[in-house]
Amino acid sequence: MVSAFLIDAINNPTKVVQELYEEHTGNIDQFPAVVARHFSDVFLNSDDTLREVLPLDVNHPPESFTHSRSLVRFHGMVQDTSSSPEMYLASLNENKCGGWGISQNMPSSEWPSSFDYCDLKEATALWAVTVPGQTDWRTEELTAGSHCSSSSQNAPQPHKFPVPNAPHIGVQVKIYDNEAAQSLKATDVVTFIGILTSESLGSEDVSSPVVPSLHVLCHKVQSTGDASPTEELATVRDDLINWIADEALGGDEVAAQWLVLELSAKVYTRTTPLLPPSLTLSHFPSPTPSSPALPTLHHVLSDLLPQYLTVPLSLDLLNKENFSPESKDEDLHSGYLQVPCGITLLLTENGVQEGKLVEKGIMNIRAVQEVMDAQTLEYSFPFSKFSFPTDIVTIVLCDGRKSAFFQTGFTVPLEMKPSLKDNLYKPRDQIKIPDTVKLAAYRSFLAAAKQCFGTVQVAEETSRHIQEDFVRQRQEDPSITADNLIHLMKVARLLAASMLEREVTVDIWETSKRLDASRRKRSP
């Protein structure tokens with residue numbers, strides 16, 4: 001029975017909506033929720049049925065769907081929720097449904113000569129884009145079994161995508177189940193299933209550009225932290241650290257360990273802030289004229305993380321591009337930092353030359369620092385500014401002893417093995433990629449570590465040990481302050497998470513002290 005529903009929904013979703021409408025005997029206001037439940041039951045209960053729906057992505061752009069009102073799935077990021085709701089006539093002649101774009105381009109003969117104003121309803125309108133920073137392997141997971149048909153042409157509204165000139169899909173999304181839509185916010189990652197059409201951007205202005213429009217039948221917000229720690233995953237840690245060190249960090253296992261700690265971080269709590277500390281890898285050489293511009297670390301992180309983005313900083317980029325979203329003429333322009341929660345940003349300073357930062361460049365640096373310090377990002381509107389929460393791991397590469405622009409939580413000077421120095425910059429095809437099973441284990445390990453970080457507690461015995469240890473250290477060195485204790489507690493929590501442990505034990509506390517001491521002993 002389910003397979004018949006599945007086939008009907010894929011082949012003719014409009015017909016299914018009409019049949020549901022004819023069967024519906026309740027209040028018309030409740031009908032959008034009925035549609036959402038029906039299509040959720042058909043598609044969202046398993047990944048297998050979800051993959052039966054063709055994806056809308058850069059390899060399957062809107063123009064590749066030749067059938068009118070095709071059923072598609074779009075895995076995207078909500079970019080702008082500020083659009084006005086769209087009015088539509090919910091009921092047409094002969095008991096026909098008017099929502100989900102059915103009334104668009106309908107012959108005038110089928111429109112009712114008169115109608116009850118109670119049948120005028122609102123649909124939530126928003127703009128969504130391809131998930132910025134979604135890595136290739138994650139995209140392949142989501143589109144498994146879907147044949148690549150063509151590449152995307154220029155996307156409409158390119159200023160609404162965070163990364164300038166990057167291939168992406170932008171789509172106008174219309175959600176008829178308004179109660180379900182109310183919880184959606186900017187940077188949410190959502191899988192939408194809906195009917196694809198082309199319509200004017202906004203319903204009131206006939207001069208608006210025609211853009212891809214998705215009439216949503218059901219949707220699901222991406223969940224986080226679905227990897228469970230296991231004993232098998234715990235054995236992966238040392239192997240992962242060695243691989244990162246040898247392939248991307250010149251054999252520096254200490255730096256690789258700090259990198260793994262950083263990748264284990266997430267926003268834990270905002271009330272008494274426990275946020276991801278930012279990391280600087282200093283003394284990281286610049287590329288030579290004959291080497292690739294991107295460090296090997298870029299490729300390694302792309303293979304490990306589902307969402308990851310490199311931002312090659314330069315004065316030109318800082319002075320000209322947007323890092324924070326800004327509303328212009330009631331249209332929200334995006335910026336590099338309008339990215340999903342859980343993403344990792346690699347900021348490289350090697351391309352920065354001597355020159356002057358203009359006001360925009362200074363504001364961009366402040367925006368990055370605010371993300372590092374408080375995990376908030378300011379959105380600018382004509383008469384106001386609002387800060388929205390973020391959850392972004394930031395890693396900075398610089399060739400000096402510290403970052404030229406940012407104050408980061410940790411700075412780890414890179415100490416390379418001379419024989420592995422050339423590994424810092426090499427083409428992707430020269431990287432020794434682990435086999436499929438091992439690479440999957442690395443990815444699962446990092447996902448499990450992030451989940452652990454959100455649950456790490458300090459055992460009572462450890463708490464007493466830490467207090468006594470701190471008092472003893474203060475007696476030996478009066479310059480030690482509460483900030484030093486807070487810093488070490490962050491290290492201990494990160495270390496516990498990277499070991500897939502739920503508690504900070506005495507052993508983990510002592511190990512974290514040694515790890516931080518080894519970092520501080522390195523040349524400044």
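In the predicted model, the second largest pocket has a volume of about 1,200 Å³. Its lining consists of 48 residues, and those nearest the centre of the pocket are Asp80, Thr81, Ser82, Ser83 and Leu126. Several strands give two or more residues to this lining: strand 1 (70-80), strand 2 (86-89), strand 5 (120-130), strand 12 (331-333), strand 14 (376-381) and strand 15 (384-389). By class, the lining of the second largest pocket comprises 20 nonpolar, 16 polar and 12 charged residues.

Rolling a probe the size of a water molecule over the atoms shows where empty space is left. Across the whole structure, one cavity of 30 Å³ or more is found. The volume of the largest cavity is about 50 Å³. The largest cavity is lined by Tyr21, Ile28, Phe31, Pro32, Tyr88, Ala90, Cys97, Gly99, Trp100 and Lys121. Eight of these lining residues are nonpolar, one is polar and one is charged.

The packing of two helices was also described. Helix 8 (residues 237-248) and helix 13 (residues 436-453) have axes that come within 10 Å and cross at roughly 105°. Angles of 65 to 115 degrees count as roughly perpendicular, and helix 8 and helix 13 are therefore roughly perpendicular to each other. Helix 8 contributes Arg237, Asp239, Leu240 and Trp243 to the contact, while helix 13 contributes Lys438, Tyr442, Phe445 and Leu446. Among the residues of this contact between helix 8 and helix 13, five are nonpolar, three are charged and none is polar.

Conventions: Residues are numbered from 1 along each chain as its sequence is written. This is a predicted model: local features need pLDDT of at least 70, side-chain atom pairs count only at pLDDT 80 or more; totals for chains, interfaces and linings use all residues. Side-chain values use heavy atoms; hydrogens and water are left out. Axes are lines fitted to C-alpha atoms, for helices over the stretch in contact, and angles run from 0 to 180 degrees between N-to-C directions. Helices (H or I, at least four residues) and strands (E, at least two) are DSSP runs, numbered from the N terminus. Angles under 35 degrees count as roughly parallel, over 145 as roughly antiparallel, 65 to 115 as roughly perpendicular and the rest as oblique. Contact means heavy atoms within 4.5 Å. Ala, Val, Leu, Ile, Met, Phe, Trp, Tyr, Cys and Pro count as nonpolar, Asp, Glu, Lys and Arg as charged, and the others, Gly among them, as polar. On a 1 Å grid over the protein atoms alone, a cavity is a set of points where a 1.4 Å probe fits but cannot get out, and a pocket is an open set with protein on both sides within 12 Å along at least five of seven lines; lining residues have an atom within 4 Å of a point. Grid points are joined across faces, edges and corners, and a volume is the space filled by probe spheres set on the points.
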